[in-house]
Structures are given as structure tokens and as C-alpha cells.
Amino acid sequence: APQSLEMAGYMPWRGDFQFEYKDSAEQLLNEINFNDRDSPLETDLKVAVIDMYRMVLEERRFRKKIIRDYGLISWKNHRVYDLKHVTFGMELEAALKPFTRLQSPEEHEMFIQGIIYEEILKREITRLQQCRRNGLKSGSAIGLFEKLKMQRSVAHRKKKAIDAVFSTKHFPSVTEKDSQAAANSGEQG
């Protein structure tokens, strides 16, 4: 299911993952036993392994905090974008995920929304420049032009659909009918 893939092994009722970061780190501790007979070097080595495990636990906590703070696993809390900019917003967010560590969740959200707003403004400027090239100088003229453009587009799509229906084998062309009629008259005579 897409939801389980998106959740990446997260179990929301437990608030934990099915597979932890560096899942096999505990196995190193399995082998450690402190004895009075250990040399100082062996004791230091065992303490270093325990310290490495502690760092893995800290990294796990940090990763879980990032995931929870930014809502990366909650499929219900995904950001909602304007329908015209859904793919751009989702692609942008995916590209900027590595930088989530550098900002608070609020700062990161503001950053992404700022870039999306910049893209919206660029598209609007391009649209207005296109209107200016078409000789449109007022808002009402632009509105009328876009309304007529939409009507032409709808009419063009309807014409293409009708042409597609009549160009199929179910509706033979006039020349095919004439050749069939000629063949039928030749058989009778």
C-alpha cells in the first residue's frame, strides 16, 4: 500500500520504527563482559564500544526528533499546495529534505513557502509578459482574452474528439463506400 511505503516502517501506535537506524548496533554489546582480569587496554576498548553505542542511540533520537518535528512520517500532515503548484512544491520539498537539520520546522516551512511564492510570481510575470506581447494592456482585456482562449481550446478538443470518432473503422470514408459499391455491382453483373 502507498501509505505503508510512505511511512517507511513507522508504527504510529508505538511511535517507533520497525527497523532502527543501525539496527545491528546492539549486537556489539552482546559480546562485552567486564572482568577483573581485563587489562586497562581491554577495558578502554570495551568502554569505547559502549560509547559508540551511546552515539548510535543519540543519532536515533535525533533522527526521530527530526522526523516528528517536520512531520515526515505523518501522511495526514503533508503540506497542502495550491493545485497548480502541487508537483513543484512536492519536488522542492523532496530536494530540500537534507537541509531540514539546519533549520527549525517553522523556518523550513517558511523557506519552502517563500520559494513556492517566488515560483508563482515568476509564472505570473511570464504570463503578463505574454499578454503584453499579444497587445493586451488592461486587466479586462486580459480576462476577455483568457476566456476566449479557453473557449477556443474547448472547441478544438471537441473537434478532435469528433474527428477521432469518425476516423475509426466503424465509419468508412466515402471512397471506401464507393469502392465497396463498385465491387458489389461487379459481382452482380
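Which residues of helix 5 are buried? They are His 108, Ile 112, Ile 116, Glu 119 and Cys 131. Keep that list in mind as we walk through the chain, and remember that this is a predicted model.

**The chain as a whole**

Let us start with the overall layout. The chain has 7 helices and 2 strands, and from the N terminus on these elements follow the order α-β-β-α-α-α-α-α-α. There are 189 residues in the chain, and buried residues make up 18% of them. The accessible surface comes to about 15200 Å², and carbon and sulfur atoms account for 59% of that surface. If you take the contacts between residues at least 6 apart in sequence, 54% join residues at least 24 apart. A search for aromatic pairs across the whole structure finds 0.

**Helix 3 and its buried residues**

Helix 3 covers residues 40-69. Its 30 residues reach 43 Å from the first C-alpha to the last, close to the 44 Å expected at 1.5 Å a residue. The buried residues here are Lys 46, Tyr 53, Val 56, Arg 60, Lys 64, Ile 66 and Ile 67. Their cover includes strand 2 (16-17) and helix 2 (25-30).

The relative accessible area of Lys 46 is 17%, so it counts as buried, the cut-off being under 20%. What lies around this lysine? Leaving aside neighbours within four places in sequence, Lys 46 is in contact with Ile 32, Asn 33, Phe 34 and Asp 38. Two of these partners come up again. The charged end of Lys 46 sits over the ring of Phe 34, 5.8 Å from the ring centre.

Arg 60 is buried because its relative accessible area is 8%, and the cut-off is under 20%. Which residues does Arg 60 touch, leaving aside its neighbours within four places in sequence? They are Glu 20, Tyr 21, Lys 22, Asp 23, Ala 25 and Glu 26. Tyr 21 is 39 residues away from Arg 60 along the chain, yet their C-alpha atoms are separated by 6.0 Å.

Now back to the helix we opened with. Helix 5 runs over residues 105-133, 29 residues in number. At 1.5 Å a residue it should span 42 Å, and its end C-alpha atoms are 42 Å apart, so the two values agree. An α-helix has 3.6 residues a turn, so residues three or four places apart point the same way. Among the buried residues of helix 5 are His 108, Ile 112 and Ile 116.

Beyond this helix, Asn 134 is found in the loop between helix 5 and helix 6 (139-166). Asn 134 has a relative accessible area of 40%, which means it is partly exposed, as this value falls between 20% and 50%. The C-alpha atoms of Asn 134 and Phe 145, 11 residues apart along the chain, are separated by 9.5 Å. Gly 135 also follows helix 5, and its phi is positive, near 85°.

| Residue | Relative accessible area | State |
|---|---|---|
| Lys 46 | 17% | buried |
| Arg 60 | 8% | buried |
| Asn 134 | 40% | partly exposed |

Note on methods: Residues numbered from 1 in each chain as written. Predicted model: local features only at pLDDT ≥ 70, side-chain atom pairs only at ≥ 80, totals over all residues. Heavy atoms only, no water. Helix = DSSP H or I, 4+ residues; strand = E, 2+ residues; numbered from the N terminus. Buried < 20%, exposed > 50% of the residue type's maximum accessible area, 1.4 Å probe, protein only. Contact = heavy atoms within 4.5 Å. Areas by Shrake-Rupley, 256 points an atom, 1.4 Å probe, with all protein chains shown as cover. Phe/Tyr/Trp six-rings, centres within 6.5 Å; stacked < 30°, edge-to-face > 60°. Lys NZ or Arg CZ within 6 Å of the ring centre and 35° of its normal. Expected span 1.5 Å × (residues − 1).
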